[in-house]
Amino acid sequence: MPTQDKPHIGRPRSFDADEALRRAMLVFWEQGYEGASLADLTGAMGITKTSMYAAFGNKEQLFRKALALYDEGPASYGPRAWAEPTAAKVAAAILNGAVRATTDPDCPPGCLGVQGSLAAGELGLPARELLVEWRNAARRALEKRFQRAVDEHDLPPSADPARLARYVMTVAFGIAVEAASGASREELQEVAVAALSNWPELQRPQ
């Protein structure tokens, strides 16, 4: 009796998952979480909805993966900035990095972490909460770095690490909003320079 062929299990994907995720990240970046429909996402990714769900999960799970990719790529200037030797250089690296990342001609203007879900309704609440925590985590990390600067006498004792961290992040996220509104790299670089001109300096003994 002839044997029947068993169905093939575990067929390899016929698409590049890394490239598909990169394209999804760009759609979320440009259109926001709620503005990006499944048709928009799968069309940009070049896959079917079935393949998307199998490879990345639902839309919220896909967004989380896209944000992680954004964090490792376009937004990676932030974690790199913590390693700068002084608090002033940390702040400069963040603001200059924000200008470059939000005006990159090869990417949508602005910042996925800022505009991805600013105007989210009930359906976009999980994405909005995720992005709020993403931004707050960056601010807390910066505050910790500035506290170290105070402890190491790089910043004056009167410096408030929490206030400085909020100041830098507010300017950085404002740069992203302005970039999304059409501000040029040159204009935003002027904003970064102006913000850094107010940096507290340690008074050295004469």
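Author: Here is the helix pair, with some of its surroundings first. Bear in mind that this is a predicted model, where local features need pLDDT of at least 70, side-chain atom pairs count only at pLDDT 80 or more, and totals for chains, interfaces and linings use all residues. Residues are numbered from 1 along each chain as its sequence is written, and side-chain values use heavy atoms, with hydrogens and water left out.

The protein has 10 helices and 0 strands; helices (H or I, at least four residues) and strands (E, at least two) are DSSP runs, numbered from the N terminus.

Now to the pair. Helix α9 covers residues 161–180 and helix α10 covers residues 185–196; they pack at an angle of about 170°, and their axes are 10 Å apart. Axes here are lines fitted to C-alpha atoms, for helices over the stretch in contact, and angles run from 0 to 180 degrees between N-to-C directions. That angle makes α9 roughly antiparallel to α10, a label that goes to angles over 145 degrees. On the α9 side, the contact (heavy atoms within 4.5 Å) is made by Tyr167, Val171, Ile175, Glu178 and Ala179, and α10 brings Leu188, Val191, Ala192 and Ala195. By type, those contact residues split into 8 nonpolar, no polar and 1 charged. Nonpolar covers Ala, Val, Leu, Ile, Met, Phe, Trp, Tyr, Cys and Pro; charged covers Asp, Glu, Lys and Arg; the others, Gly among them, are polar.

What about Phe146? Setting aside residues up to four places away in sequence, Phe146 touches Ala87, Val90, Ala91, Leu155, Pro161, Leu164, Ala165, Val168 and Trp199. Phe146 also belongs to the largest nonpolar core, which has 63 residues, and is listed with Phe28, Met45, Phe56, Leu62, Tyr70 and Leu155 as touching the most other members. Such a core is a set of buried Ala, Val, Leu, Ile, Met, Phe, Trp, Tyr and Cys residues joined through side-chain atoms within 4.5 Å. Buried means under 20% relative accessible area (1.4 Å probe, protein chains only), and 41% of the 206 residues of the protein count as buried. In soluble globular proteins, nonpolar side chains tend to be buried together.

Terms used
Buried < 20%, exposed > 50% of the residue type's maximum accessible area, 1.4 Å probe, protein only. Parallel < 35°, antiparallel > 145°, perpendicular 65-115°, else oblique.
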